Every structure is written in C-alpha cells, then in structure tokens.
Amino acid sequence: MSGRESPVSGGKAARASAKEARQRRVGPWPLTVAISAALGLLVYVATTSLPYLISAPASDPHFGALNHCLSRLLQGPLLGWAVSPDASRAAIYGSQAMAVCTRAGGSRRMPLAGVLAVTFDAENRLWWSQAGKLWRDDAGTAKRVGDFSPVSLVSHGSGVLALDAEGQLVSVAPDGAVLGQVPVPGPEARLSVGAEGAFAAVLDGPSLRFYEARTLTPLPVEPPCGVAGLWWLERPERVLVACAQDAGLAYALDLQTARYEPAKRPSGAPAWRLLGRPLYVHGCDGFPCTAPAP
C-alpha cells in the first residue's frame with residue numbers, strides 16, 4: 001500500500017478531504033524514519049561488534065580459557081606474550097610483572113620488572129629475558145642460563161634462539177651451552193621458527209635470511225622479492241612469503257631445494273605457527289589469539 005494518493009480538486013469539502021488525506025499520508029512517515037534508523041543502528045552494532053566478540057581474547061576458541069586466567073593475574077598495558085608449542089601454557093608480561101597460566105588450571109604471577117622477551121621451549125618450559133640476563137623456569141625457580149642479554153627470544157627443537165642488542169643471534173641449549181652463533185643486521189630483526197623447530201628465519205625490513213635452527217648454519221635460499229611477512233607451512237622446510245613491493249604477490253619457498261613458486265597470498269596478517277601443533281597465533285589486545293591458517 002502506498003502512502004501517496006492522486007491530486008484532489010473541486011470545492012471546500014473537497015479541499016477539506018484533501019487536507020485530511022495529506023495529514024493521513026504524512027502521519028506514518030516520522031514513525032517509519034524512526035524505525036528505519038533504529039534498525040540501521042541495530043544492524044551496525046551487530047555487524048561491527050560480532051567480529052570483535054569472535055576475536056576477543058577471552059572468547060578465542062583455543063586460548064580463551066588461558067586468556068581469561070591471564071587477564072585476572074595481570075592488568076594494565078601489556079608488552080608481549082608467548083604460547084607453549086602444544087598450546088597448553090601461555091604467558092603475558094608488562095613493565096612490572098609477568099603472568100603464566102596452564103590449561104590444567106595452574107597460574108602464577110611473577111613480580112618481574114623490565115622483562116624484554118618470553119618464549120616456551122619444546123618441553124613447554126618458560127624462558128625470559130630480564131635485567132640483562134637470560135632465565136629459564138626450573139620447577140618454579142628462576143635459573144640463569146648462559147651469559148646472554150637477549151632483546152628477542154624464540155624457541156626451536158633443542159632450546160631457544162636469543163638475539164642480543166649487538167645483533168648477535170645465539171642458539172642456546174637448556175643447560176646454557178651455545179649450539180651456534182651468527183651476526184644479524186640488528187636487534188630489531190624479527191625471529192621465527194617453523195614446524196618441528198627445524199628451520200629459523202630472521203626478517204630485517206624486507207631482507208629475509210634462513211638458518212638451520214639448532215646450529216644456525218645459513219641456508220642458501222634467496223626470496224625472489226623483498227619480504228613483508230611470512231607464514232611457516234606444515235612441512236618444516238616450506239615457508240610462504242608475502243612480497244613487500246606488490247600487495248597481491250606471494251611465493252612458497254622450499255628451504256631444502258632453494259626453489260620457489262608463486263602462491264596465493266593469505267588475506268590476513270602474518271601469524272606464528274606453533275612448533276608442536278598445526279595452529280597459528282597472532283596478538284590481539286596484548287593476548288595470544290587464534291589466527292587463520294594461510
């Protein structure tokens with residue numbers, strides 16, 4: 001039914017009828033506009049809030065319980081996080097403390113100021129850099145490991161990789177033994193290790209270098225473009241790189257054969273792959289959250 005009628009003419013009664021008709025026509029419009037506005041607001045809230053609720057740290061499908069536990073232990077600005085290879089433990093840290101939670105229900109808040117980096121090794125043990133030293137959790141006791149002052153940490157199959165402020169990248173065994181050491185461009189480089197902890201990558205700006213993770217033996221693999229980000233794939237020697245020059249260009253690299261081939265670039269931001277599970281993680285509001293697989 002339309003709210004608009006044909007023109008009316010002829011006499012006083014006709015003019016009165018026309019006036020009443022116009023009032024009847026005009027009457028419903030403000031209500032219609034109000035209803036439309038309310039529906040529009042409802043749709044806006046639903047469409048903008050739903051993605052946030054889905055990706056919120058406490059509602060994450062894999063890390064929600066851990067994040068809920070961590071958020072109760074540590075509030076305020078968060079500086080970093082870490083997840084164990086099997087996703088059973090997670091840690092976050094701020095400027096004055098670090099918090100650790102386990103899927104089994106254990107939790108701990110550690111009053112540590114100046115933590116620079118944290119990671120979990122292949123045995124789910126927590127490592128961290130603080131006060132110019134490298135530490136490892138040894139059954140609830142902080143144990144100093146080696147003589148390093150890392151600004152960045154990442155685990156591999158036999159220990160951790162520690163990058164110091166001088167640009168020295170060191171592979172460290174759980175007992176503190178040095179398994180390998182190489183210079184890298186600088187302390188701002190980003191470290192990552194692929195499936196099973198077999199291979200490592202160092203991304204410094206668009207420059208990407210690969211190593212055997214345990215010994216830090218360089219691999220003769222040259223990406224065909226400057227790199228904006230990377231995803232480790234299921235096979236330990238396979239990695240997907242996104243090119244910096246072209247937003248739609250990506251390549252899949254084989255670190256054993258040094259060959260590469262064009263690949264579909266993932267739509268999301270680069271994410272870390274856990275060593276022990278085919279699960280990708282990225283940060284959201286300072287906590288670890290599930291990321292889509294490439």
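Analyst: Let's start with two terms. Helices (H or I, at least four residues) and strands (E, at least two residues) are DSSP runs, numbered from the N terminus. Two strands pair if DSSP finds at least two bridges between them. This is a predicted model, in which local features need pLDDT of at least 70 and side-chain atom pairs count only at pLDDT 80 or more, while totals for chains, interfaces and linings use all residues. Residues are numbered from 1 along each chain as its sequence is written, and side-chain values use heavy atoms, with hydrogens and water left out.

User: What makes strand 11 and strand 12 a pair?

Analyst: Strand 11 (residues 168-172) and strand 12 (residues 178-183) are joined by five bridges and run antiparallel. The rule asks for at least two bridges, so five are enough to call them paired. You can find one of these bridges yourself: Ser171 has Gly180 of strand 12 as its partner. The two strands form a hairpin with five residues between them, and Gly176 in the turn has a positive phi of about 95°.

User: How do you know that strand 17 and strand 18 pair?

Analyst: By counting bridges again. Strand 17 (residues 238-243) and strand 18 (residues 250-254) share five bridges in the antiparallel sense. Val239 stands opposite Leu253 of strand 18. Both strands belong to an open sheet of four, with the order 16-17-18-19 and antiparallel pairing.

User: Why are strand 16 and strand 19 called edge strands?

Analyst: Strand 16 (227-232) and strand 19 (260-262) each pair on one side only. Neighbouring strands of this sheet are also turned by 25° against each other on average, direction ignored; the axes used here are lines fitted to C-alpha atoms.

User: How do you know that Cys69 and Cys101 form a disulfide?

Analyst: A disulfide is a covalent bond between the sulfur atoms of two cysteines. Here the test is a pair of cysteine sulfur atoms within 2.5 Å. The sulfur atoms of Cys69 and Cys101 are 2.0 Å apart, so the pair passes. The angle about their S-S bond is -75°, and the link is left-handed. Cys69 lies in helix 3 and Cys101 in strand 3, so the link ties together parts that are 32 residues apart in sequence.

User: Which residues of helix 3 are buried, and what do they pack against?

Analyst: In helix 3 (residues 64-73), the buried residues are Gly64, Leu66, Asn67, Cys69, Leu70 and Leu73. They pack against strand 2 (89-93), strand 3 (98-102), strand 4 (107-110) and strand 22 (287-291).

User: Why is Cys225 called buried?

Analyst: Buried means under 20% relative accessible area, exposed means over 50%, and partly exposed lies in between (1.4 Å probe, protein chains only). Cys225 has a relative accessible area of 14%, so it is buried. Cys243, at 2%, counts as buried too.

User: What makes the disulfide of Cys225 and Cys243 left-handed?

Analyst: The torsion about its S-S bond is about -80°, so the disulfide of Cys225 and Cys243 is left-handed. The pair links distant parts of the chain: Cys225 in the loop between strand 15 (207-212) and strand 16, and Cys243 in strand 17, 18 residues apart.

User: How many disulfides are there by this rule?

Analyst: The count comes to three. One of them joins Cys284 and Cys289, with sulfur atoms 1.8 Å apart. Counting the bonded cysteines along the chain, the pattern is 1-2, 3-4, 5-6.

User: Why is the pair of Trp81 and Trp272 called edge-to-face?

Analyst: Rings of Phe, Tyr and Trp (its six-membered ring) pair if their centres lie within 6.5 Å; planes under 30 degrees apart count as stacked, over 60 as edge-to-face and the rest as tilted. There are three aromatic pairs by this rule. The ring centres of Trp81 and Trp272 are 5.7 Å apart and their planes stand at 90°, so this pair is edge-to-face. Trp81 lies in strand 1 (residues 80-83) and Trp272 in strand 20 (residues 272-273), so parts 191 residues apart in sequence are tied together. Trp81, with 23% relative accessible area, is partly exposed, and so is Trp272, with 46%.

User: What makes Phe210 and Trp232 an aromatic pair?

Analyst: Their centres are 6.1 Å apart with 85° between the planes, so they pair, edge-to-face. Phe210 in strand 15 and Trp232 in strand 16 are 22 residues apart. Phe210 is buried at 1% relative accessible area, and Trp232 counts as buried at 2%.

Definitions and conventions: Axes fitted to C-alpha atoms, helices over the stretch in contact; angles between N-to-C directions. Contact = heavy atoms within 4.5 Å.
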